[in-house]
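Student: Could you take me through the salt bridges here? Please look closely at one part.

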Amino acid sequence: MVTQRLAVVLVFAGLIALVVILTGSYQPLQAQVGTASLGGAVTDPSGAAIPSAEVALESMTRKAARQTVTDPAGSYVFTSLLPDTYQLVVRAKGFATKTTQNIELTSGQGSTLNVALEIGAEATQVNVSAEAPLLQTTTATLGSQVGTEQLISLPLLGRSFTDMMLILPGASIPNQTYWVQFSPQGVGGSGGGDVAFYGQRPRNNAFYMDGGLNAFLLFNSVPHYPPPEAIAEMKVESGMDSGAYGFASGANISVVTKSGTNQYHADAWEFLRNDAMNARSFFDPTKPRIRWNQFGGSGGGPLVIPHLVSKENNWYVFGWYEGIRQPSRSPSYALVPSDAELAGDFSADPLIYNPYTSVVDANGRLLSRSPFANNQIPTGSTNICSPNPTCIHDGALQIVKTLFPRANLPTGSGPGGTNYLG
């Protein structure tokens with residue numbers, strides 16, 4: 001009996017740990033990055049402050065609320081708020097209760113909402129169903145926001161949220177030659193650091209997800225790409241005046257993932273690319289095979305565990321999965337030694353010299369050396385490469401023949417003078 005009870009306790013503890021991880025319950029601890037704040041003043045019709053007024057901020061998508069009271073100056077403030085849609089309820093003795101709904105708070109937003117109460121009985125309700133968008137009043141940071149509708153409605157090749165940065169003001173792609181040369185992703189890769197804002201270097205951007213750093217510091221590439229269906233919002237801030245974002249002098253890209261709500265929601269997707277409609281490239285002897293399947297699903301809502309957790313416990317869960325299957329191939333060109341060169345015949349190449357005929361001065365500076373006759377390296381025994389019995393080392397030749405592929409195109413016929421197609 002004791003063993004059974006212990007097993008039940010362990011299972012329940014494991015479920016609690018899983019819920020904490022999946023629901024992102026660590027988020028309220030991140031005070032500045034990935035959260036919002038709201039403050040203001042409560043006044044009477046004459047504009048005088050109302051101290052000790054009860055102020056409640058309630059989520060309109062789930063059962064979550066915060067309460068406070070106004071100070072002697074009539075001010076209130078809520079910090080570390082998850083991005084969400086809220087309603088503000090203000091109560092004070094001798095005044096009508098006022099409810100302001102549809103307050104949209106986004107990541108990093110710090111806004112002011114002042115409330116003027118009307119004189120009347122506490123049972124009287126004054127509802128404001130639509131409030132004008134709140135202004136950013138606590139910081140001078142400039143920025144733009146990409147919402148859920150843009151993320152899931154606009155076409156995204158590869159479905160990378162970093163590509164959505166290009167629709168924002170001040171965004172540009174820097175010199176492609178430099179980025180292709182030094183980017184770990186190479187041509188066509190979305191490394192997250194390939195978008196510049198207002199003339200800053202791409203590597204000066206900072207990436208955060210749910211308040212935590214989401215970037216490899218080397219090349220500033222992004223290690224974790226949540227699918228668009230799992231992103232609640234993406235906010236790009238530039239001209240930052242706060243040290244909360246650490247090392248970045250460029251833009252701060254903050255992604256907030258979705259959380260569970262009072263209602264169950266789910267999405268499923270499948271994106272397919274293939275070569276059925278592609279044309280053959282001019283340099284390719286055949287049309288390359290392309291297969292790209294990108295699929296997954298996301299969903300969330302109230303957490304229900306039979307006999308353990310009911311819907312009324314106000315626990316929420318959200319998760320997603322995305323997979324990519326890419327059994328594709330693409331052409332790769334290279335310049336490898338030709339069969340004639342492997343045999344020592346460089347007659348089709350620029351002049352080559354025998355290093356063993358080098359003449360140097362007292363300072364080791366090269367004065368002269370002799371070319372190979374007919375631009376061909378002798379393959380048999382010879383004394384022109386003394387003290388070596390031959391000019392071509394058999395072991396080195398076998399390594400080259402083993403490790404290098406054999407040329408399969410006429411010399412110089414491939415792009416850039418290449419002679420091998422893989």
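**Salt bridges around one arginine**

Tutor: Glu322 and Arg159 form a salt bridge, with their closest N and O atoms 2.9 Å apart. A salt bridge here is a side-chain nitrogen of Lys or Arg within 4 Å of a carboxyl oxygen of Asp or Glu. Glu322 lies in strand E19 (residues 316–325) and Arg159 in the loop between H2 and E11, so the pair ties together parts that are 163 residues apart in sequence. Helices (H or I, at least four residues) and strands (E, at least two) are DSSP runs, numbered from the N terminus.

This is a predicted model: local features need pLDDT of at least 70, side-chain atom pairs count only at pLDDT 80 or more, and totals for chains, interfaces and linings use all residues. Residues are numbered from 1 along each chain as its sequence is written, and side-chain values use heavy atoms, leaving out hydrogens and water.

Now the second partner. Glu229 also forms a salt bridge with Arg159, with closest N and O atoms 2.5 Å apart. Glu229 sits in the loop between strand E14 (212–213) and strand E15 (231–238), and Arg159 in the loop between helix H2 (148–153) and strand E11 (171–172), so this pair ties together parts 70 residues apart in sequence.

Next, accessibility. Buried means under 20% relative accessible area, exposed over 50%, and partly exposed in between (1.4 Å probe, protein chains only). Arg159 is buried at 6%. Glu229 is buried at 10%. Glu322 is partly exposed at 24%.

Elsewhere, Asp361 and Arg365 meet in a salt bridge (3.1 Å, N to O). Shared partners join Arg159, Glu229 and Glu322 into one network of salt bridges.
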